[in-house]
Amino acid sequence: MKRVVYPGSFDPITNGHLDIIKRALQLFDTVIVGVAKREEKKLLFSLEERVTLVKEVTKDLKNLEVYPFTGLLVDFVREKKAQAIIRGIRAVADFDYEFQMALTNRKIAPDIETIFLLPSQEFIFLSASLVKEIASLGGCVKNFVPEVVAEALRKKMGR
């Protein structure tokens, strides 16, 4: 049984993230979404809120598990008995960072592969940071995130 981890902060989860999850489900028996604590990052949503939102928007997807995690990604991957890590790549800037992380993870855990997936063309520009910026300025984010996430953003932004 092939299992893969799709890690991220998912602050918030976007339609681009969902696109990558659905693509990964076509390739693996089980996809595990690992919601990272990421204390070094200034996050809008708490870890619990992010996990809840991911679970809500993926509840109809089969063979998908969602867990929070802290610490090294490779330790989480091993804990979940997965063989690989999925990472979404939108642009060259993403690739530079992701390539460095993949090589570092390979050095730490040579038995775990990293697989890069490109999102659908309609999501190639989309990032959680961009969604938060639009929402903070009162813009409509309904084309970028599921409705439950858009509502959570409105509440967080006091709109």
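Buried means under 20% relative accessible area, exposed over 50%, and partly exposed in between, with a 1.4 Å probe and protein chains only. The model is predicted, so local features need pLDDT of at least 70 and side-chain atom pairs count only at pLDDT 80 or more, while totals for chains, interfaces and linings use all residues. Residues are numbered from 1 along each chain as its sequence is written, and side-chain values use heavy atoms, leaving out hydrogens and water.

The chain contains six helices and five strands, where helices (H or I, at least four residues) and strands (E, at least two) are DSSP runs numbered from the N terminus. Read from the N terminus, the order of elements is β-α-β-α-β-α-β-α-β-α-α. The radius of gyration, taken over C-alpha atoms, is 15 Å, close to the 15 Å that the globule rule gives for 159 residues, so the chain is as compact as a globular protein of that length. That rule is 2.2 Å times the number of residues to the power 0.38. Along the principal axes, the C-alpha atoms fill a box of roughly 45 × 30 × 30 Å.

Of the 159 residues in the chain, 47% are buried. Contacts (heavy atoms within 4.5 Å) between residues at least 6 apart in sequence join residues at least 24 apart in 75% of cases.

Turning to charge, the chain carries 25 positive and 21 negative side chains; Lys and Arg count as positive and Asp and Glu as negative, with His and the chain ends not counted. The whole structure holds eleven salt bridges, each a side-chain nitrogen of Lys or Arg within 4 Å of a carboxyl oxygen of Asp or Glu.

One of them pairs lysine 132 with aspartate 11, the closest N and O atoms being 2.8 Å apart. This pair links distant parts of the chain, 121 residues apart: lysine 132 lies in helix H5 (residues 128-136), and aspartate 11 in the loop between strand E1 (3-8) and helix H1 (15-27). Lysine 132 is buried at 18% relative accessible area, and aspartate 11 is buried at 2%.

A salt bridge also joins glutamate 49 to lysine 156, with 3.2 Å between the closest N and O atoms. Here helix H2 (residues 47-57) supplies glutamate 49 and helix H6 (residues 147-156) supplies lysine 156, 107 residues apart. Glutamate 49 is partly exposed at 30% relative accessibility, as is lysine 156 at 37%.

Aspartate 94 and arginine 90 form a salt bridge of 2.9 Å, N to O. Aspartate 94 is buried at 17%, whereas arginine 90 is partly exposed at 32%. Elsewhere, salt bridges with shared partners connect Glu147, Glu151 and Arg154 in one network.

Technical notes: Charge placed at Lys NZ, Arg CZ, Asp CG, Glu CD.
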